[in-house]
Amino acid sequence: MAPALTLEQVETRPETPSKLSLAKDAAQAGIQENYDGQYRFAPIEEAQVSRAMIKRYFNTMYDRAISDIVIVGAGSAGLSCAYSLATRRPDLKITIIEAGVAPGGGAWLGGQLMTPMVIRKPADGFLRELGVPYEDEGNFVVVKHAALFTSTLLSKVLALDNVVLMNATAVEDLIVHEDYSGKQRVAGVVTNWTLVALNHDTQSCMDPNTITAPVIISATGHDGPMGAFSAKRLVSTGLLKELGNMRGLDMNRAEPAIVNGTREVVPGLILTGMELSEHDGSNRMGPTFGAMIGSGIKASWEATRILDN
Ligand code: 48N
């Protein structure tokens, strides 16, 4: 039997032209004029797959250890913020940290597990920007499935060259520095794999990693195992006296309060989306998502205001 090829031989040999010339469209890959009943893949060594992932992921981690902006939470507010920021400012290195394996937060469904998503005007303009179809109901629009909005937004954000998404990764603390005047400023985030962050009481010494950035935008939502993370951390670190705690549902009060209230709550930290309702004590709006879009976009403008001053 021929000796196994060394990794160098595998990585340097000319690609064996596979009999199956993969068609332009993956959907046609199995149906070729010369299809002879055998579907063939180009040959590969397992180590090539491992190295392809390792090289890229850890180069990214190395590069993004210093980012321009960190967005915590890839729900509708965090993703809307990322899209607005990254398209307006392609010069910025934007790093999104998302605790879930699946980004999207609460925006995969409308309300009570129903699939249609309601978005009040004027936030429907964002749907036109993304190319998401909807039905117009007068003062609001309805996207036939919330996942159509979220998957479209997520795909557009991920396609932007200056955006990196680290999912299955949790922010488990904030980096807080003192500036020259002794004032405390949020200067980055402390991260760990989410499965590690959720299991600190089962092992010892699973220390975290860090990402520093001049501006952190926290969009960790109002519920879930780590929801409202930064707002709660501000209280436990003494940067905030107490949480306002989200009030009862009132759509007409909640949505403008969240969008107009989006701001830098302590130097270096902007809160957006439903996390802000925990900080300010504003009402919740329930199954309508226009304020998440508006708040995310407002947070992106706040971030560039801070960076450019
Ligand atoms: O979708 P969410 O939870 O948060 P938002 O603010 O983007 O959108 C909220 C929206 O879905 C509603 O709740 C609607 C409008 N309902 C309102 C109402 O009245 O009920 O996304 C937050 C994301 C999630 O994907 C979490 O996994 C993630 O943040 N997350 C974190 N990621 C990293 N580190 C953490 N510590 C962390 N905590 C939460």
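Colleague: Is L113 buried or exposed?

Modeller: L113 counts as exposed, because its relative accessibility is 71% and the cut-off for exposed is over 50%. Keep in mind that this is a predicted model.

Colleague: What does K121 pair with?

Modeller: K121 makes a salt bridge with D136, and their closest N and O atoms are 2.8 Å apart. K121 is in the loop between strand 3 and helix 4 while D136 is in strand 4 (residues 135-136), so the bridge ties together parts 15 residues apart in sequence. Both ends are partly exposed: K121 has a relative accessible area of 33%, and D136 is at 46%.

Colleague: How many salt bridges turn up in the whole structure?

Modeller: A search finds twelve. One of them joins the side chains of R89 and D308, at 3.1 Å from N to O. That pair links distant parts of the chain, with R89 in the loop between helix 3 (76-88) and strand 2 and D308 in helix 10, 219 residues apart. R89 is buried, because its relative accessible area is 18% and buried means under 20%.

Colleague: What about E255, which residue does it meet in a salt bridge?

Modeller: The side chain of E255 meets that of R120, at 2.9 Å from N to O. E255 is in helix 8 (residues 251-261) and R120 is in strand 3, so this pair also links distant parts of the chain, 135 residues apart. E255 is buried, with a relative accessible area of 6%, whereas R120 counts as partly exposed at 24%.

Colleague: Which residues are joined into one salt-bridge network?

Modeller: D63, R64 and K93, through salt bridges that share partners.

Colleague: Changing topic: which residues does UniProt list as "binding site"?

Modeller: The entry, which is unreviewed, puts that annotation on A77, E98, A99, G106, V171, D207, H222, M274, R284, M285 and G286. They are spread over 210 residues of sequence and also in space, up to 37.7 Å between C-alpha atoms. The lining of the largest pocket includes A77, E98, A99, G106, V171, H222, M274, R284, M285 and G286.

Colleague: Where does H222 lie, then?

Modeller: H222 is in the loop between strand 10 (215-218) and helix 7 (229-236). It is partly exposed, with a relative accessible area of 21%. Leaving out residues up to four places away in sequence, H222 touches M246, M274, E275, S277, E278 and R284.

Colleague: And G286, where is that?

Modeller: G286 lies in the loop between strand 14 (283-284) and helix 10 (290-308), and counts as partly exposed at 24% relative accessibility.

Colleague: Which cysteine does UniProt list as a modified residue?

Modeller: C205, as "modified residue: 2,3-didehydroalanine (Cys)", from an unreviewed entry. In the model, C205 is in the loop between helix 6 (194-197) and strand 9 (209-212). C205 is exposed, with a relative accessible area of 72%.

Colleague: What makes up the nonpolar surface patch?

Modeller: I44, V49 and M53 make a patch of about 300 Å². V49 lies in helix 2 (residues 46-63) and counts as partly exposed, at 40% relative accessibility.

Colleague: Last one: how many helices and strands are there?

Modeller: Ten helices and 14 strands. Of the 309 residues in the protein, 42% are buried. Among contacts between residues at least 6 apart in sequence, 70% join residues at least 24 apart. The accessible surface comes to about 16400 Å², and 57% of that belongs to carbon and sulfur atoms.

Terms used:
Residues numbered from 1 in each chain as written. Predicted model: local features only at pLDDT ≥ 70, side-chain atom pairs only at ≥ 80, totals over all residues. Heavy atoms only, no water. Buried < 20%, exposed > 50% of the residue type's maximum accessible area, 1.4 Å probe, protein only. Patch = residues over 30% accessible without salt bridge, like charges linked within 9 Å, V, L, I, M, F, W, Y side chains within 5 Å. Areas by Shrake-Rupley, 256 points an atom, 1.4 Å probe, with all protein chains shown as cover. Salt bridge = Lys/Arg side-chain N within 4 Å of Asp/Glu carboxyl O. Helix = DSSP H or I, 4+ residues; strand = E, 2+ residues; numbered from the N terminus. UniProt positions renumbered as here; feature names shortened; annotations may be inferred. 1 Å grid on protein atoms, 1.4 Å probe; cavity = no way out; pocket = protein on both sides within 12 Å on 5 of 7 lines; lining within 4 Å. Contact = heavy atoms within 4.5 Å.
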